[in-house]
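Let's take a friendly walk through this protein, one region at a time. Keep the sequence and the 3D view open beside you.

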Amino acid sequence: MTVAPVRRATSGLQGRCRVPGDKSISHRAALLSALAPGTSVIAGFSPAGDCRTTLAALRALGMQMTVSGDLLHLKGGLDRAGEKVTREVDCGRSGTTMRLLAGILAGSEGEFLLTGHPQLLGRPMGRVAKPLREMGSDIGLLHHDLPPMRIRGAHLRGITYTPDVSSAQVKSAILLAGLSAAGPTTVVEPVATRDHTERLLAGMGSQITVSRTGRGCRVRMEPGELTPLHLTVPGDASSAAVIATAAALVPGSDVVIEGVSANPTRTGLLRVLSAMGAGVESVGHPPGHEVEPVEDIRVRHRPLRAVRIEAEDVPFLIDELPLVGLLATQATGTTEVVGAQELRVKESDRIRGLVEGLRRLGADAEELPDGFVVRGHTELTGGACDSLTDHRLAMTFSLAALIAHGPVEVSGLKFIDDSFPGFTECLGRLL
Ligand code: S3P
C-alpha cells in the first residue's frame with residue numbers, strides 16, 4: 001500500500017487542463033492503420049501503457065512505425081499471407097489489444113498465439129472466439145474461454161451476428177475480421193456500444209452503414225481495402241471523466257478540460273454528473289475533428305443527489321462506474337447501478353473491488369450481482385484500499401483522498417499508467 005498521490009483539497013480545483021489522447025481511439029487508429037497500405041499519421045496518440053502494448057504487438061507482427069512524442073507514423077499493409085510460423089504476441093494487460101487483434105488475425109494466414117499478463121489471462125475471450133469461429137477461423141482457448149488464444153487464420157465468410165454481451169470489443173473484432181471476409185458482415189447490437197471502429201472505418205474508405213434501432217444499432221460492412229488514416233486523436237473521455245469527477249467532488253471547483261472526446265457513446269459520466277446536480281457544460285468546439293467530435297468541457301461543483309443507472313445506460317459509462325460509486329458517497333440519497341455485470345470481468349472484479357474499497361473508506365456500499373448500491377451522504381474517514389492491480393480502481397480510490405478526513409492508502413498505483421499517464425500531475429495543476 002502507498003499513500004494516495006493526492007491530498008485532501010483545502011479549496012476547489014481551478015483552471016484548465018488537457019488529458020492524453022483517447023485510449024480506445026488510439027488502439028483502433030493503430031490497428032486499422034496496420035491494415036491500410038501506405039503511411040498513416042496519427043497525432044495525439046495515447047501514451048497509455050495499453051496503447052504502447054498495441055504498438056509492440058504490431059511490431060511483433062512485423063509492422064514498421066516511428067513514434068515521436070504523441071505523433072505516430074505507421075507503415076500499413078500487414079502481411080496477411082505471411083509465412084506459416086507460430087508468432088507469439090504479448091497483449092500485456094490490454095483486453096482491447098487481444099480482442100481486436102484476434103479479429104485481424106482470424107483472417108490472416110499463419111498461426112498466432114495471443115498471450116499476456118496474468119491479469120489478462122483471467123479474462124473471457126470466448127465472446128470473440130465464438131463469432132470468429134462462425135466466420136471460419138480456427139481458435140483455441142483454455143477451458144473454452146480463457147487466453148492464451150491460439151488462432152489459425154483462414155479465409156473467412158461474412159456473418160450476421162448479435163453478440164451475447166454488450167461489448168464494443170466484440171463488435172470491433174467481428175468488423176475487423178469482416179474486412180477480409182467473403183461477403184458483407186453485419187453486427188446487431190441490442191444496446192449500442194462505443195462506435196469508434198465504425199467511425200474510423202468510414203473515415204478510411206470502408207463501405208459501412210450504421211442504422212439506429214431504438215437503444216441499439218445495426219452495422220453492416222462490405223469487405224475491402226482501407227486507405228491510410230490521418231487523424232488527431234481527441235483527449236481521452238475516460239481520463240476526462242476522472243478530472244470531472246474530482247471537480248464534482250470538491251466544493252468550490254470550476255475546471256475546463258480542453259479538447260476532449262465528445263463522442264456521445266463515451267460521455268455517459270458527464271450526463272450522470274448533470275443528473276446528480278453538478279454543473280456540466282460545453283464551452284468550446286476545437287476545429288479540425290471530422291471523424292470524432294471534440295469539445296472543451298467545464299465542470300463546476302454543486303451539491304450532488306443520488307441517481308439510478310440502468311442496463312441501457314451502462315455501455316456509455318462502463319469504465320466510469322467506479323467513479324459513480326465514489327460520487328455517490330457524496331450525494332444525498334441512495335444510488336443504485338444495475339445491469340452492469342460486465343464490471344465483474346474487467347481488469348478486476350470491479351463490483352467487489354469498488355465496494356470493498358469504498359467500505360474501507362467509511363462509505364455505506366453494498367454489492368449487487370450486477371451492480372452496486374451506495375447510500376449517501378457519508379463523510380469518508382480514509383483507509384487502505386486494494387486496487388486489485390486495476391487502473392480504474394486505483395484512480396477512483398486516489399480521488400477519495402481529495403475529500404477524506406484521514407489518510408488514504410492505495411495499492412497498485414503504478415497501474416494507473418495503463419490508461420492515464422500524468423494523472424497525478426494533471427490533478428496537481430488544478431489543486
Ligand atoms: C473498450 C470497450 C469496453 C471498455 C474497455 C475499452 C474498447 O469494453 O470497458 O475499457 O476500447 O472497445 P467492452 O467492449 O468489453 O465493454
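How many cavities of 30 Å³ or more are there? The count comes to 3 cavities of that size.

## Before we start

This is a predicted model: local features need pLDDT of at least 70, side-chain atom pairs count only at pLDDT 80 or more, and totals for chains, interfaces and linings use all residues. Residues are numbered from 1 along each chain as its sequence is written, and side-chain values use heavy atoms, with hydrogens and water left out.

Helices (H or I, at least four residues) and strands (E, at least two) are DSSP runs numbered from the N terminus.

Rolling a probe the size of a water molecule over the atoms shows where empty space is left. On a 1 Å grid over the protein atoms alone, a cavity is a set of points where a 1.4 Å probe fits but cannot get out, while a pocket is an open set with protein on both sides within 12 Å along at least five of seven lines; lining residues have an atom within 4 Å of a point. Grid points are joined across faces, edges and corners, and a volume is the space filled by probe spheres set on the points.

The largest pocket holds about 670 Å³ of space. It is lined by 39 residues, and the closest to its centre are Ser166, Ser167, Ala168, Ile318 and Lys346. Helices α1 (23-35), α3 (95-105), α6 (168-178) and α12 (391-400) each supply at least two lining residues. By class, this lining divides into 10 nonpolar, 12 polar and 17 charged residues (Ala, Val, Leu, Ile, Met, Phe, Trp, Tyr, Cys and Pro count as nonpolar, Asp, Glu, Lys and Arg as charged, and the others, Gly among them, as polar).

Now for the second largest cavity, with about 70 Å³ of space. Its lining has 9 nonpolar, 2 polar and 1 charged residues, including Ala237, Ile257, Arg266 and Leu270. Helix α8 gives the most to this lining, with 4 residues, and β15 (254-261) and α9 (268-276) each supply at least two.

## Helix α8 meets helix α13

Helix α8 (residues 237-249) also has a helix partner: its axis and that of α13 (residues 423-430) come within 11 Å and cross at roughly 35 degrees. Axes are lines fitted to C-alpha atoms, for helices over the stretch in contact, and angles run from 0 to 180 degrees between N-to-C directions.

Val242, Ile243 and Ala246 in α8 meet Phe423, Cys426, Leu427 and Leu430 in α13, where contact means heavy atoms within 4.5 Å. The residues of this contact divide into 7 nonpolar, no polar and no charged.

## Strands and their partners

Two strands pair if DSSP finds at least two bridges between them. Strand β3 (residues 38-43) pairs with β5 (residues 71-76) in the antiparallel sense over 5 bridges, with Thr39 opposite Lys75. Strand β3 also pairs with β14 (residues 230-232), in the parallel sense over 3 bridges, and there Ile42 has Leu231 as its bridge partner.

Elsewhere, an open sheet of 3 strands has the order β1-β24-β23, with mixed pairing. Its edge strands are β1 (2-3) and β23 (383-385). Helix α12 packs on the sheet, touching β23 and β24, and its direction makes about 170 degrees with that of β24.
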